[in-house]
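Q: I am new to this structure. Can you show me how to read its features one by one?

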Amino acid sequence: ENYIHIRVQQRNGRKSLTTVQGLNPKINKKLVLKDLKKKFNCNGCIVEDPDHGDIVQLQGDQRKQIATFLLEAKISKKALIKVHGS
């Protein structure tokens, strides 16, 4: 089974970046990104990584909200979501 990893990366100062990696390739990531941006009032993009596939990036620390969103949208099961960091 493929895990979905949700991580936060520190940028400069108080700014941070949340990355979502391991989403099912069949899922339309553009639509997911659009929903996430609208729901959390933040900006984001999709980064194409040759090793890890497409990675969804969002501004700010959105780890808990993204995990809840993935469950509510029935994109993933709770057991397959790994939230990294505190």
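This is a predicted model: local features need pLDDT of at least 70, side-chain atom pairs count only at pLDDT 80 or more; totals for chains, interfaces and linings use all residues.

Q: Which sense do S3 and S4 pair in, and over how many bridges?

A: Two strands pair if at least two bridges are found between them. Here S3 and S4, residues 53-59, are antiparallel, and six bridges join them.

Q: What is the order of the strands in the sheet?

A: Read across the sheet: S3-S4-S2-S1-S5. The sheet is open, has five strands and shows mixed pairing.

Q: Why is one side of S3 and of S5 left without a neighbour in the sheet?

A: S3 (44-49) and S5 (81-83) stand at the edges. From one strand to the next, the twist averages 25 degrees.

Q: Which strands does helix H1 touch?

A: Contact means heavy atoms within 4.5 Å. H1, residues 29-40, packs on the sheet and touches S3 and S4. The directions of H1 and S4 make about 10 degrees.

Q: And which strands does helix H2 touch?

A: H2 spans residues 63-72 and also packs on the sheet. H2 touches S1 (4-10), S2 (16-21), S4 and S5. Its direction makes about 160 degrees with that of S1.

Q: Which residues touch the most other members of the largest nonpolar core?

A: That core has 16 residues. Ile6, Val20, Leu36, Phe40, Leu58, Ile66 and Leu70 touch the most other members. S1, H1, S4 and H2 each give two or more residues to this core.

Q: What is Leu70 in contact with, leaving aside neighbours within four places in sequence?

A: Its contacts are Ile4, Ile6, Leu23, Ile75, Ser76 and Ile81.

Definitions and conventions:
Residues are numbered from 1 along each chain as its sequence is written. Side-chain values use heavy atoms; hydrogens and water are left out. Helices (H or I, at least four residues) and strands (E, at least two) are DSSP runs, numbered from the N terminus. Axes are lines fitted to C-alpha atoms, for helices over the stretch in contact, and angles run from 0 to 180 degrees between N-to-C directions. A nonpolar core is a set of buried Ala, Val, Leu, Ile, Met, Phe, Trp, Tyr and Cys residues joined through side-chain atoms within 4.5 Å. Buried means under 20% relative accessible area, exposed over 50%, partly exposed in between (1.4 Å probe, protein chains only).
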